[in-house]
Amino acid sequence: MSRKALVGNVTAMLADADFLVSERCAVRPKSFDVAARRGEDLLLVKVLGNVDAFDRATGAEMRRLGEYLSATPILVGMRTRDEDIKPGVVYFRHGVPAIHPDTLYDLLIEEVPPLIYAAPGGLYVNIDGDTVADERRERGWSLGRLAEELGVSRRTVAKYEDGMNASVEVAVELEDLFDRPFSDPVRVMEGAEEVREADPTPEPPEVDPDDEHVYGVLSRAGFAVHPTQRAPFTAVGEDEAEPRVEFTLLTGHSPFTRTAQKRAKLMGSLGRVTGTRAVYFTEGDDEPKEETVDGTAIVTMVELSRADDPERIRELIRERSDEPAEA
């Protein structure tokens with residue numbers, strides 16, 4: 001299956017699961033392919049045939065965006081270089097959960113979360129250690145007796161009961177012994193944080209010198225500005241002046257070319273899905289040729305330089321951008 005067809009299938013699946021789905025990110029750079037929201041669940045989805053093509057820089061960008069936008073980054077793919085991705089198993093690439101399309105279907109349509117995840121050394125499951133301990137005691141078994149039944153050490157059984165995850169083989173053996181399930185689902189919609197091994201959120205990239213003036217003005221207007229590197233927008237601005245008011249920005253900055261217009265249109269779609277406002281700052285004109293492109297505010301650098309009052313900048317963005325949708 002071609003990557004284009006795979007992206008189309010994933011997008012259709014999200015729509016069937018009642019997600020509001022953004023336009024496909026068809027302009028570069030693009031760390032993700034679509035954003036999708038259902039209620040409070042916001043996903044940033046990257047689709048690749050071979051998930052090993054997902055590099056460290058893209059993983060870092062998606063994780064940062066997940067932090068800024070309260071979203072879950074997810075990678076959907078069919079294979080690695082060495083093997084096909086197994087349905088029902090959660091893999092990881094640079095701290096981002098990676099799953100087969102069938103796993104996504106089960107999760108979103110059938111509402112059946114995966115139970116297995118891949119980690120160095122094999123396939124593992126979350127087990128409910130408290131329940132294991134309760135069942136062992138109810139049978140009057142010692143740690144040593146259960147260890148003997150499972151073919152592991154007494155110390156390993158103690159670790160299982162303290163919350164250490166188990167191999168699939170051990171989990172199956174436990175369920176056969178006690179005739180009941182012990183596995184907890186992998187919470188993919190929360191980034192599978194309970195099982196992934198990853199560093200803290202990566203540091204943001206350096207500010208592009210061409211964007212420093214824009215970011216400086218936004219900072220004075222009360223926004224914490226987070227530059228991006230591989231997103232369809234150049235930065236995310238978080239409102240610090242009015243923390244109780246939802247006023248997160250997706251920003252772009254360049255001369256107002258046809259490509260910029262296309263990017264502004266995409267940003268408007270992403271803004272509607274992510275619950276943010278989108279604003280594109282343009283060079284070369286005193287007044288914008290268009291004040292709005294598909295819900296994205298267009299503000300010239302001349303207008304920005306004239307707006308000495310930070311509130312005036314906010315007014316321009318409010319007047320020309322779509323109101324953020326409620327989750």
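Colleague: Why is Glu-67 counted as exposed in this predicted model?

Modeller: The relative accessibility of Glu-67 is 52%. A residue is called exposed when that value is over 50%, so Glu-67 counts as exposed. Glu-67 has its place in helix H2, residues 56–69.

Colleague: How far apart are Glu-67 and Thr-201 in sequence and in space?

Modeller: In sequence, 134 residues separate Glu-67 and Thr-201. In space, the C-alpha to C-alpha separation of Glu-67 and Thr-201 is 7.6 Å.

Colleague: How do you know whether Ser-22 is buried or exposed?

Modeller: Ser-22 has a relative accessible area of 6%. Buried means under 20%, and therefore Ser-22 is buried. Ser-22 is found in the loop between strand E1 (20–21) and strand E2 (34–38). Leaving out residues up to four places away in sequence, Ser-22 touches Val-34, Ala-35, Ser-269, Leu-270 and Val-273.

Colleague: What share of the protein chain is buried?

Modeller: Of the 327 residues in the protein chain, 52% are buried. The secondary structure of the chain comes to 11 helices and 16 strands, and the C-alpha atoms fill a box of roughly 80 × 45 × 35 Å along the principal axes. Among contacts between residues at least 6 apart in sequence, 59% join residues at least 24 apart.

Colleague: Why are H5 and H7 called roughly perpendicular?

Modeller: Helix H5 (residues 143–150) and helix H7 (residues 168–178) pack at an angle of about 115°, and their axes are 10 Å apart. The class of roughly perpendicular runs from 65 to 115 degrees, so H5 and H7 are roughly perpendicular to each other. The crossing of H5 and H7 is right-handed. On the H5 side the contact is made by Leu-146, Glu-149 and Leu-150; on the H7 side, by Val-170, Glu-173, Leu-174, Leu-177 and Phe-178.

Colleague: How do the residues of the contact of H5 with H7 divide by class?

Modeller: Six are nonpolar, none is polar and two are charged. Glu counts as charged, and Glu-149 of H5 and Glu-173 of H7 take part in the contact.

Colleague: What makes H1 and H3 roughly parallel?

Modeller: The axes of helix H1 (residues 3–16) and helix H3 (residues 101–108) cross at roughly 5° and come within 10 Å. Angles under 35 degrees count as roughly parallel, and H1 and H3 are therefore roughly parallel to each other. H1 contributes Leu-6, Val-10, Met-13 and Leu-14 to the contact, and H3 contributes Pro-101, Leu-104, Tyr-105 and Leu-108. By class, this contact of H1 with H3 has eight nonpolar, no polar and no charged residues.

Colleague: What makes E11 and E15 edge strands?

Modeller: Six strands form an open sheet in the order E11-E12-E13-E14-E16-E15, with mixed pairing. Strand E11 (223–227) and strand E15 (292–293) each pair on one side only, and these are the edge strands.

Colleague: How many bridges pair E11 with E12, and in what sense?

Modeller: E11 and strand E12 (residues 235–239) pair over five bridges, in the antiparallel sense. At least two bridges are needed for strands to count as paired.

How values were computed: Residues are numbered from 1 along each chain as its sequence is written. This is a predicted model: local features need pLDDT of at least 70, side-chain atom pairs count only at pLDDT 80 or more; totals for chains, interfaces and linings use all residues. Side-chain values use heavy atoms; hydrogens and water are left out. Axes are lines fitted to C-alpha atoms, for helices over the stretch in contact, and angles run from 0 to 180 degrees between N-to-C directions. Helices (H or I, at least four residues) and strands (E, at least two) are DSSP runs, numbered from the N terminus. Angles under 35 degrees count as roughly parallel, over 145 as roughly antiparallel, 65 to 115 as roughly perpendicular and the rest as oblique. A crossing is left-handed if the near helix is turned anticlockwise from the far one by less than a right angle, and right-handed if clockwise. Contact means heavy atoms within 4.5 Å. Buried means under 20% relative accessible area, exposed over 50%, partly exposed in between (1.4 Å probe, protein chains only).
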